[in-house]
Amino acid sequence: MDELSHRLGAGQLYGLDRVLEPPGAFPQPAWRLDADPHAGPGEVLVDVERLNLDSASFHQLSQQAAGDADAVAAEILRIVGERGKMHNPVTGSGGMLVGRVAAAGEVITAARHVRPGQRIASLISLTLTPLRLRRITDIDMRHGQVAAEGTAVLFASSPWAALPADIPDRIALAALDVAGAPSRTAAMVREGDTVLLIGGGGTSGLLSLHEARRGAGAAGTVVVADLEGAGLDDVRSTGLADHVVAADATDALALRAAVTGVAGEADLTVNMVNVPGTELGSILCTRESGTILFFSMATSFTAAALGAEGVGRATTMVIGNGHMPDMGLTALGVLRDNRRIREIFEQRYGAP
Ligand code: NAP
């Protein structure tokens with residue numbers, strides 16, 4: 001990266017050259033980006049095939065449109081047209097994409113393995129990816145996957161991964177979008193821990209469940225909390241959780257009673273829900289010297305920090321940075337190693 005920085009400067013390395021509004025901002029917090037479809041020296045131009053909107057964003061768009069797919073498509077086109085990126089102004093979150101490399105600048109071509117025609121998944125958020133959409137051809141209203149035609153630009157600092165040959169696109173895309181959760185869970189869990197996965201029946205939840213079980217081992221305790229329904233049935237069918245708790249995580253006291261009643265307080269809690277208002281429940285389920293990983297994009301920093309203060313807990317709270325150096329390998333590894341989780345992903349994300 002130092003060599004690239006030296007050759008390109010911050011404008012091409014971090015995408016500052018693409019920021020239109022406000023001047024001087026980085027692309028993620030910027031309001032509007034220049035999505036013109038060309039590749040500067042440090043850029044990769046991608047022909048977009050499919051977007052995976054992050055769950056918090058898609059949930060909000062779907063609710064706003066009362067579940068109407070055409071209205072969701074119109075709103076996505078409106079946001080992208082206005083901002084030059086799929087940065088949901090309500091949730092502040094994005095997602096990621098798959099597509100085919102159309103062109104790459106000379107510096108990035110020399111520095112990284114990238115060639116036109118290659119199919120890749122972006123491992124950075126759509127909230128900072130310059131995007132221009134010509135049209136949306138289909139939306140999977142169950143899971144927020146959007147088939148679209150258009151172009152995107154990746155920067156020299158943007159991580160991306162070649163699409164794996166052994167995992168279908170839709171499934172790989174779903175797993176790679178949340179790849180930071182299993183990867184970070186694997187890095188944080190210790191043998192013998194009590195691990196609580198809130199929203200553990202979802203996409204990131206199932207991948208993290210595998211890693212939590214592996215890391216906590218037979219001496220540890222793995223608890224999954226989610227709303228009652230198909231997600232928890234899937235969790236039960238994996239046989240990986242010691243306890244499966246049906247509870248609404250926005251009801252902090254009820255969640256605490258349900259979780260601590262079966263397993264006591266957690267050493268490590270991973271919050272992966274897609275709705276706001278679950279910070280306090282996470283805090284009350286975790287022992288004071290424990291750690292909470294807030295992977296959910298619906299997490300409020302203020303609610304977490306002031307909530308912990310308000311209930312007198314000095315618990316360590318970690319922001320779920322989506323990027324991990326393994327570039328999604330842990331997430332894809334779960335799909336390769338765990339036959340039941342792979343089956344669930346095929347049922348959920350396979351061809352409609
Ligand atoms: P997902 O598949 O939709 O899973 C979310 C789970 O939370 C679902 O099982 C959902 O149940 C459950 N849930 C919803 N409301 C709940 C409640 N009140 N109490 C208990 N459980 C509840 O989402 P995902 O794709 O795994 O993503 C999880 C979160 O990570 C989202 O907030 C997403 O935006 C975020 N994310 C973060 C990053 C990062 O870099 N940190 C990257 C990508 C995604 P139902 O399905 O029954 O509603």
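This is a predicted model: local features need pLDDT of at least 70, side-chain atom pairs count only at pLDDT 80 or more; totals for chains, interfaces and linings use all residues.

Reader: Why is Y349 called buried?

Author: Buried means under 20% relative accessible area, exposed over 50%, and partly exposed in between (1.4 Å probe, protein chains only). Y349 has 5%, so Y349 is buried.

Reader: What makes the pair of Y349 and T203 a polar contact?

Author: A polar contact is a pair of N or O atoms within 3.5 Å; within protein, one must be able to donate a hydrogen and the other to accept it, and residues adjacent in sequence count only if both atoms are side-chain atoms. The side chains of Y349 and T203 are 2.3 Å apart at this contact, so the pair qualifies.

Reader: Which residues does Y349 touch?

Author: Contact means heavy atoms within 4.5 Å. Leaving out residues up to four places away in sequence, Y349 touches H143, Q145, R170, I171, A174 and T203.

Reader: How many residues surround the ligand?

Author: 25 do, and D54, S55, S204, D226 and G320 are the closest. To be near, a residue needs a heavy atom within 4 Å.

Reader: What is the distance from a ligand nitrogen to a polar backbone atom of G320?

Author: That distance is 2.6 Å. For S296, a ligand oxygen is 3.3 Å from an N or O atom of the side chain.

Definitions and conventions
Residues are numbered from 1 along each chain as its sequence is written. Side-chain values use heavy atoms; hydrogens and water are left out.
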